[in-house]
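Let's take a walk through this fold together, one part at a time. Keep the sequence and the 3D view open beside you as we go.

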Amino acid sequence: MSELKNVIDGGYCIGCGACSYTSRDSVEIVEDEYRQYQGRIKLGAKSADLDKALEVCPFSNKGPNEDEISQNVFNYSEGSYTEVVGFHRALYAGHVSEEALRTKVTSGGILTYTLSELLKRDLVDAVVHIKTSEKTGTLFEYGFSRTPEEVVQGAKSRYYPIELSEVMDFIRKNDGRYAFVGIPCFIKTARRMCRQDKVLAERIHFFVGLVCGHLKSKAYADMLAWRAGFDPAEMKTIDFRHKFKDRNSDDYGICVEDINGNKKELVARETPGTNWGLGFFKYEACDYCDDIFAETADIAVGDAWLKDYTNDSQGNSVVVVRNKTIQTILNEGIEAGNLEFNELTAEEALMSQGGGFRHRRTGLGDRLLLKQKRTEWVPKKRVDAVSVKIPLLRKLIYRYRIYLREKSADIWRDCSKSLDYAAFDRRMKWPTNGYSMLIKLGVQIRKYRQGS
Ligand SMILES: Cc1cc2nc3c(=O)[nH]c(=O)nc-3n(C[C@H](O)[C@H](O)[C@H](O)COP(=O)(O)OP(=O)(O)OC[C@H]3O[C@@H](n4cnc5c(N)ncnc54)[C@H](O)[C@@H]3O)c2cc1C
Ligand code: SF4
Ligand code: SF4
């Protein structure tokens, strides 16, 4: 049996589309009943094709892991290496100075700034990032921006399934210099694709990464449309990260618009199912991922979830710089007053992703152990399958999150079939309350320990 079947059947497929690009005759990308993209091995698939697909799949054991890729593409003697943050020349927290631009971006706008500069300096001909889709039933997809104005239009984080096979096909057929933007697993897969495909390797000049906690299925956007009072089937677009002028940056909004021009603004914190710790509609693969800071990307940008920065309503980014040219671009931006940056230590960068770090290190060790105990196939990770050192309550929280991920996906699928979305809240009420109780208990125990 091909290892690709293990990846897909084992729940490790993130639906990236790399297998389909590499071996289109043998693998396709489909949207499954949970509204997520998944690879599907075609009838009569050739084993040589599946082997080729394994070399690019981010969850297969066949190609190099994040550390091996990173060591190959970066010169470690020119920077520092810290576990989890990865290789870095510099670490910052900050934002673009232009206030008008800041309102249009997710956190500090550093991705949009960097991508625009790559175009302005004629270092690339096009940026490959996530844009509004014209396809029926799909809100966002990979597309190309060729001017800084188009890059700004494609700003904002899309917590939504995407796949890269079509844009990679385009790059292969159309000469040019490209900057590819992706969440960590997509950057890893794009790097692996470049090892296999010399044309892609020649044409993709920059790999621009987003820090990543997890990816959501389309059901997340559907749920938000329904909470906004719209029919999910009539949703036109959604802004998952709307900035409020009078709230902290981690207290953001969600704006939904339907095809009839109706708009609704939700406050994320007041909207059930949006707490990222709950992990509603999370891809299962994300529970087996150990790359938070897009360790193979030339630059990785996330939210500066640090108390000195979240009180700024307009948002700040945490920035990991790995590429020399990008370092020069940012240095010049700082000198010209286009960027307001403070240097960070690796510990501070890590602290900005505290929850994700715990879930993807100690939590991952426990989840791997669980799978091993059930003698299920697991991909090789940079984290060992151990859980002995995890306090019992923490272990319970990690395992409860698996339950919530599965439950939310199953119940939403059932509710959307019967068009009885209200049943989702009824059926998720007790599972969600159970999670809140575990978290509250953890807080009480911490307070007690600090007091004693
Ligand atoms: C699924 C997902 C999970 C994330 N999880 C975390 C997290 O746990 N912690 C954290 O600190 N940050 C996380 N981020 C990153 C964060 O949301 C911001 O993208 C980051 O702070 C960069 O902000 P910015 O203002 O520089 O981005 P912007 O200037 O707004 O630019 C964002 C760029 O990323 C592109 N883009 C948007 N969505 C995607 C996507 N799905 N795949 C590829 N490219 C995309 C856009 O097209 C745009 O070019 C996540 C992002 C995504 C998409
Ligand atoms: S993770 Fe990507 S490459 Fe691997 S099976 Fe899924 S779609 Fe294919
Ligand atoms: S958590 Fe990992 S596997 Fe999931 S989307 Fe993010 S980078 Fe990909």
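Strand 1, covering residues 27-31, and strand 2, covering residues 37-41, are joined by 5 bridges and pair in the antiparallel sense. One pair you can pick out is Val27, whose bridge partner in strand 2 is Ile41. The hairpin made by strand 1 and strand 2 has 5 residues between the strands, and in it Arg35 takes a positive phi near 65 degrees. Please bear in mind that you are looking at a predicted model.

Next, look at ligand 2. The residues around ligand 2 include four cysteines you can find by number, Cys13, Cys16, Cys19 and Cys57. Also in that list are Leu4, Ile8, Ile14, Gly15, Gly17, Ile29 and Pro58. By class, the shell of ligand 2 holds 9 nonpolar residues, 2 polar ones and no charged ones.

Ligand 3 has its own set of residues. Among them are Cys185, Cys212, Cys286 and Cys289, together with Ile14, Phe59 and Arg360. The shell around ligand 3 also takes in Ile183, Pro184, Gly213, His214 and Leu215. Sorted by class, this shell has 9 nonpolar, 2 polar and 1 charged residues.

Now for the sheets. In general, the strands of a sheet pair through backbone hydrogen bonds, in either a parallel or an antiparallel way. Here, 8 strands build an open sheet with mixed pairing, and their order is 7-6-8-9-13-14-5-15. Which strands stand at the edges? They are strand 7 (140-145) and strand 15 (339-343); each has a single partner strand, so one side of each is left without a neighbour in the sheet. On average, neighbouring strands in this sheet are turned by 30 degrees against each other, direction ignored.

Within this sheet, strand 5 (residues 90-96) and strand 14 (residues 317-321) run antiparallel and are joined by 5 bridges. To see one of the paired positions, find Ala93 and then Val318, its bridge partner in strand 14.

Helix 8 (residues 165-173) lies across strand 6, strand 7, strand 8 and strand 9 (204-210), and runs at about 20 degrees to strand 7. Helix 9 (residues 184-196) lies across strand 7, strand 8 and strand 9, and its angle to strand 9 is about 160 degrees.

An oxygen atom of the ligand is 2.7 Å from an N or O atom in the side chain of Ser107. Backbone atoms take part too: a polar backbone atom of Ile110 is 3.0 Å from an oxygen atom of ligand 1, and one of Gly213 is 2.9 Å from a nitrogen atom of the ligand. On its own, ligand 1 has 920 Å² of accessible area, and the protein covers 97% of it.

Let's finish with a detail of the backbone. Most residues other than glycine have a negative phi. Asp122, in the loop between helix 6 and strand 6, has a positive phi near 55 degrees. Leu419 sits in the loop between helix 17 (392-418) and helix 18 (422-451), and its phi is also positive, at about 55 degrees.

Technical notes:
Residues are numbered from 1 along each chain as its sequence is written. Chains are lettered from A and ligands numbered from 1 in the order in which they are written. This is a predicted model: local features need pLDDT of at least 70, side-chain atom pairs count only at pLDDT 80 or more; totals for chains, interfaces and linings use all residues. Side-chain values use heavy atoms; hydrogens and water are left out. A polar contact is a pair of N or O atoms within 3.5 Å; within protein, one must be able to donate a hydrogen and the other to accept it, and residues adjacent in sequence count only if both atoms are side-chain atoms. Accessible areas come from the Shrake-Rupley method with a 1.4 Å probe; for residues, only the protein chains shown count as cover. A residue is near a molecule or strand if one of its heavy atoms lies within 4 Å of it. Ala, Val, Leu, Ile, Met, Phe, Trp, Tyr, Cys and Pro count as nonpolar, Asp, Glu, Lys and Arg as charged, and the others, Gly among them, as polar. Two strands pair if DSSP finds at least two bridges between them. Helices (H or I, at least four residues) and strands (E, at least two) are DSSP runs, numbered from the N terminus. Axes are lines fitted to C-alpha atoms, for helices over the stretch in contact, and angles run from 0 to 180 degrees between N-to-C directions. Contact means heavy atoms within 4.5 Å.
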